[in-house]
Amino acid sequence: MAEKKTVRDIEVSGKRVLVRVDFNVPFKPGTDEISNSNRIVASLPTIRYLLGRGASVVLCSHLGRPGGRSIQELSLRPIRGRLAQYLDMRVSFSESTNFQRIQQDVSRITPGEVILLENLRFHPGEEANTVEFSKELSDLAEFFVNDAFGASHRAHASIQGITGFLPSVAGLLLEEEIRSLEKVLLDPLRPFVAVLGGAKVSDKINVVNKLSLTANKILIGGGMAATFLSASGRFVGSSPVEENFLDKAKSLLNNSPDGNAKIVLPKDVVVSDEFDSQSPYRTCLVSEIGEREMLLDIGPQTRDIYAKVLSDSSTVLWNGPMGVFEWDHYSEGTRLIADAIARDGVVSVIGGGSTVDAVSKFGLEARMTHISTGGGASLEFMEGKDLPGIVSLLDADEPYDKGVVG
Ligand code: ADP
Ligand code: MG
């Protein structure tokens, strides 16, 4: 991907800068209490950078899926307080969805101040990426900064449409995400091991495909292991198998140019008759899975084999839990793999919403090299797709007014 201009390349003193952040954070169910504020913390460097250089900072984000209507439970208002705490300063909030009112609110802030706009998806034009809404957004500022890596795979007005109207550059988080992922994908320190798991093969097959060209080994776990095991001729009991992806999985398994099995599948598993946290469970070899049993975690022999591979690696890319780690009986595989990755001297890049949750559940966040804030976005990036929110930013060598219709 072409190098992009960043906040470091623009002169922001005295200017209004609209920053698209990803404040799509989880809340404790039924409350306005933020349960994980990683995404807010991740946005601070760019905000501080701009404030420190005398910009007026206008922040905008989506939250959840209000579908173009105002839904009070999805207001960004609770985030204002948390942000004010982190920045240790007053943060204004514009609660209106009327653009004249938003304009007035925004015009009240002065250089060095911050205002947060209400949920962008309260406006139907955001997801529809209308010219009208993109233009209205662009009227709020003189520069646009995309720092919302987690939303950059969406061609929405605040991600893509707006870049047609304002000089548009990358924020520091976006830059860091791109740099970390590109380093792993293009120039990893070897041996380079990918660990892929999670619920479904269909979500990840393109990533397996892409990584099979560059990784030295790919360790497979999670629900998607069932489809791979089935593709390799194993019986997987009642585990869901995605039939449409069997051929693709088969061809990936058979394509080991050096004769070494590049894709490694579980040898033993933890199984149960029910998809339930409390039902009886047992550990068995893959060859012993019963008719009614489904695999819910990788087994202890597999954990050892995978941990050994990881202990010899220099770079690890991990996306997708090894089992249903949310339930104690099936969390050991994911925990052990997380431990094996969190070693000194390993470059570790973690992507995927649940994988990041698992890493924080085990208290290993600080031991990973890079934790991506974008689930879907990091998958698409790893597949080699162009993300609309990245390609539409100015290239490093482009003039500021390129393509801007003003
Ligand atoms: P990520 O968000 O990290 O990309 P996914 O969304 O692909 O990961 O999958 C995460 C979910 O997969 C978790 O909720 C986990 O419980 C589930 N999962 C993991 N292993 C299994 C399994 N063997 N059977 C069913 N679900 C699984
Ligand atoms: Mg997920």
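**Sheet and cores**

Start with one pair: Asn146 has Ala170 in β6 as its bridge partner. Asn146 belongs to a strand, β5 (residues 143–146), which runs parallel to β6 and is joined to it by 3 bridges. This is a predicted model: local features need pLDDT of at least 70, side-chain atom pairs pLDDT 80 or more, while totals for chains, interfaces and linings use all residues. Residues are numbered from 1 along each chain as written, chains are lettered from A and ligands numbered from 1 in written order, and side-chain values use heavy atoms, without hydrogens or water.

Now the whole sheet. It is open, with 6 parallel strands in the order β3-β4-β2-β1-β5-β6. Strands pair when DSSP finds at least two bridges between them. Strands are DSSP runs of E, at least two residues; helices are H or I, at least four; both are numbered from the N terminus. β3 (91–94) and β6 (168–170) are the edges. Twist averages 25 degrees from one strand to the next.

Next, a helix. α2 (residues 77–87) lies across β2 (56–60), β3 and β4 (114–117), at about 165 degrees to β3. Axes are fitted to C-alpha atoms, for helices over the stretch in contact; angles run from 0 to 180 degrees between N-to-C directions. Contact means heavy atoms within 4.5 Å.

Finally, the cores. A nonpolar core joins buried Ala, Val, Leu, Ile, Met, Phe, Trp, Tyr and Cys through side-chain atoms within 4.5 Å. Buried is under 20% relative accessible area, exposed over 50%, partly exposed in between (1.4 Å probe, protein chains only). The largest core has 46 residues. α8 gives the most, 6 residues.
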